[in-house]
Amino acid sequence: MIELKNVSKKYGEAVAVNQVSFDVKEKENLVLLGTSGCGKTTTLKMINRLINPDEGEIIINGQNIINQNTEILRKGIGYVMQNIGLFPHYTVEENIAIVPELLKWDKKKIQDRVYELTEKLHLPANSLKLFPNELSGGQQQRVGLARALVSDPAVLLMDEPFGALDNVTRTSIRKEFKDLEELKRKTMVMVTHDVEEAFELADRICLMDKGQIMQIGTPKELLFNPANDFAKKFLDGQRLALEFKIVTIEDIWEKLSNRSSINKGLSADISVWDAMEKLRNNQAAELQFSNNTQEYKSASFDELIKAFNQYKNFTKHE
Amino acid sequence: MNEQQTLWQFMSMESDKLLSQTVQHIGLTFISLLFAIAIGLPLGILIARRRKLSGIILGIAGVLQTVPSIALLGFMIPILGIGAKPAIVALLIYALLPIIRNTYTGIIGIDKHIIEAAKAMGMSKSQILFKVEIPLAMPVLLAGIRTATVINVGVATLASYIAAGGLGEFIFGGISLNNTNMILAGAIPAALLAILLDGLLALTQKLDFKKLKKVLIFSSVFLIILTAFYVLPSAYGSGLKAGFTPEFMGRQDGDLGLKSAYGLKIKTVVISDAVMYKAAFSKELDVISGYSTDGRLKAFGLKILKDDKGIFPPYYAAPIVNQASLNKFPELEDVLNLLAGKITDSVMTDLNYRTDYLHQTPEKVAIDFLVKVGLYKSPKGGAGETIKIGSKIFGEQYILAEIYSMLIKGNTNYKVETKTGLGGTKICFDALVNNQIDFYPEYTGTGLLAILKPDNKIVSQISHNKDETYKYVSDEFNKKYKIKWLKPIGFNNSYALMMRQKQSSEIDVNTITDLKNYLDKN
Ligand SMILES: Nc1ncnc2c1ncn2[C@@H]1O[C@H](COP(=O)(O)OP(=O)(O)OP(=O)(O)O)[C@@H](O)[C@H]1O
Ligand SMILES: [Mg+2]
């Protein structure tokens, strides 16, 4: 749905984005990951033409964006900014309603939509009449998200949407975010420099360094088949935790023992990490799982680790 | 206490004028402000968009701001004439800098992420301007408008110099008439106006944007109505138009006398002496209150209307000399009297014309004149004691001082020192009384009205007759100050009403009574 072909951007002599190409499918979430200054924001802003590329082309829905009216293009793309960028002279309600106002929706429709979003994003109802500077950072970030979502655009660009938050809030908002129905039907490009966040939210990750793509692929591919040294090193610090989080029970299903005696269990979609946490928290010796073909299996802590290691070795040698 | 009462009395007596001047003042301030906003706001926005231009435009506005107000008004006259138009343009120019600058700094001070957010949401350039930039720059912008308003209230007092009205009429009239109440009657309302407007604008700065929007809409409507009030009265009527100096307006032997003695009713604006003659020449005024020997009379082809009822007191010039100096310099009196009766009104007008318009030096004018009347003698180069000649600070007095200096040097052995440009009457006279100068040329009317200041009864008895006036002042000066009036030089530099020669003969108006009759008929 969004296609970048050999896109480059220079600032003077410095190349901020260098020959970047990728393809984001409908309803996919592509995460741009990389260290500070690697060109993530620049890449993202070229998609809604806040920045015009020096080279290459960008195609959305089969149309080259260069040929589109920028204002119409932008109204069809939700954008969450790295710096939130709420209008200080508008109330929260007015801030959320900016795009619908531009699109000349009728008052009632706008109001209903604003209320709907405040509920979905867990914004306190009384905050609607407040000004942005009267909200906490987390609340402001939610308003920023509501503003981008309000007209239900098919495409959503997000630049460090949780950037301004402390770690604890960040993790909890991320969970909510993941479960938001509204977001599941969007084609998204999201920027982050937080590896954990990328792995949690991405369908695919585009790892960048110095303006270039180092690797693009699913979290699993990045973890188990790094394309180069940079990709490998980039993840090394958190590798084990990431592996546990990314591999699901479904993935290691074949390696678990079959217990015909049980007839209920947890969904096999959960990650090995989550399963281990459950074992520890429930103080249980075993957990039961069921997959989508109504098979049932169970595993102890040790059995999980064993199966996981087998899976790892297998994927690496694939 | 007494002072305050009389101020109050003055203000209630002149309440009509006070009201109309205040309305004019507010009108001038706001019309110019409206125009300044209409020009300054877009310019501010422009230079915020194209930063490269900001240096030049702010520079030009800054330079314009430093031009002295009077000079700026002066520059306007050749282009725009007199009256409200040039005053408004001049005020506008003063208001421009704060408005442009604050619009510019207000807009460039906006967090660029906010503008980026606006773009990202698909706002067009004009939507960004009106929904984001202007509202966010508004507090700074209002501060600029506030500064401009206060400046304009102040500068608008000068509008009275070029017949645009306003509280300056009282202020400058009061200054030239030495009438404190009149000054205060103009200055206090002007100051109050500045404080009031400043306060009101400070209040609007505190409002949030929504309320502010309402206030702005309301106040622009109000301003437009007010503007109409100011513009409409000046647009009415044709007929003849008079321009009088603020001083003339307030004097018994000026506008008041014209009304009481002649019953003259003419549409009148107040204007400064500096631009009055020119305005008459360029047909913006028909009747002006000039001085009868002014060089501009000749330069601009003006004609004096005869004061057939004698309301303007005679201002015959004569040297006045300290008695002590006469004793010290025995030959002095005879030398000075050489000039007695030699300079008539038209001769003096011509001499003034030479210095003012042909830009000849007073020295050259003096020599040419003396040669022509056969009084010139080359200096003896004597080594006697030094005589100090004083003069007031205007052209005619410089010429007279030069002439006397040459006469003394040519006919005696005294040395001469001229102290020209001693300011006004008060300074010259004090210098004479205190022996800092030996003599200076004075006018009988000035001696009577500005120095002796007898009560009105005496003034009205004697001031119709030039000889009685001369006799009265010379007797009184002798008694009171030991100062002697020598023989009159000949000319009478009094107030006079004047018109363009051409117009005067076209409508056959030669005297003030003719003028009154003409006005009554038309
Ligand atoms: N307007 C600009 N002018 C000059 N250089 C710029 C400009 N914007 C970005 N750059 C440079 O381009 C490079 C990429 O910037 P970009 O903002 O895309 O980085 P980023 O990956 O988003 O970093 P971060 O994680 O810190 O937000 C950086 O080296 C930056 O210094
Ligand atoms: Mg960035």
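Helices here are DSSP runs of H or I with at least four residues, strands are runs of E with at least two, and both are numbered from the N terminus.

**Ground rules.** I am working on a predicted model, where local features need pLDDT of at least 70, side-chain atom pairs count only at pLDDT 80 or more, and totals for chains, interfaces and linings use all residues. Residues are numbered from 1 along each chain as its sequence is written, chains are lettered from A and ligands numbered from 1 in the order written, and side-chain values use heavy atoms, without hydrogens or water.

I looked up the UniProt record, an unreviewed entry, which places a "transmembrane region" at several spans of chain B, including 26-48 and 136-162. Such annotations may be inferred rather than shown by experiment. I found residues 26-48 of chain B to be 100% helix and 0% strand, with end C-alpha atoms 31 Å apart.

**Ligand 1.** Next I asked which residues surround ligand 1 (a heavy atom within 4 Å). Among them are Tyr11(A), Lys40(A), Gln82(A) and Glu160(A). Helix α1 (residues 40-47) of chain A gives the most to this shell, with 3 residues.

**Polar contacts.** I then checked pairs of N or O atoms within 3.5 Å. A polar side-chain atom of Ser36(A) sits 2.5 Å from a ligand 1 oxygen. Backbone polar atoms also turned up: Cys38(A) has one at 3.2 Å from an oxygen of ligand 1, and Gly39(A) has one at 3.0 Å from an oxygen of ligand 1. Taken alone, ligand 1 exposes 630 Å² (Shrake-Rupley method, 1.4 Å probe), and the protein buries 57% of that.

Methods
Polar contact = N/O pair within 3.5 Å; in protein donor to acceptor, adjacent residues only side chain to side chain.
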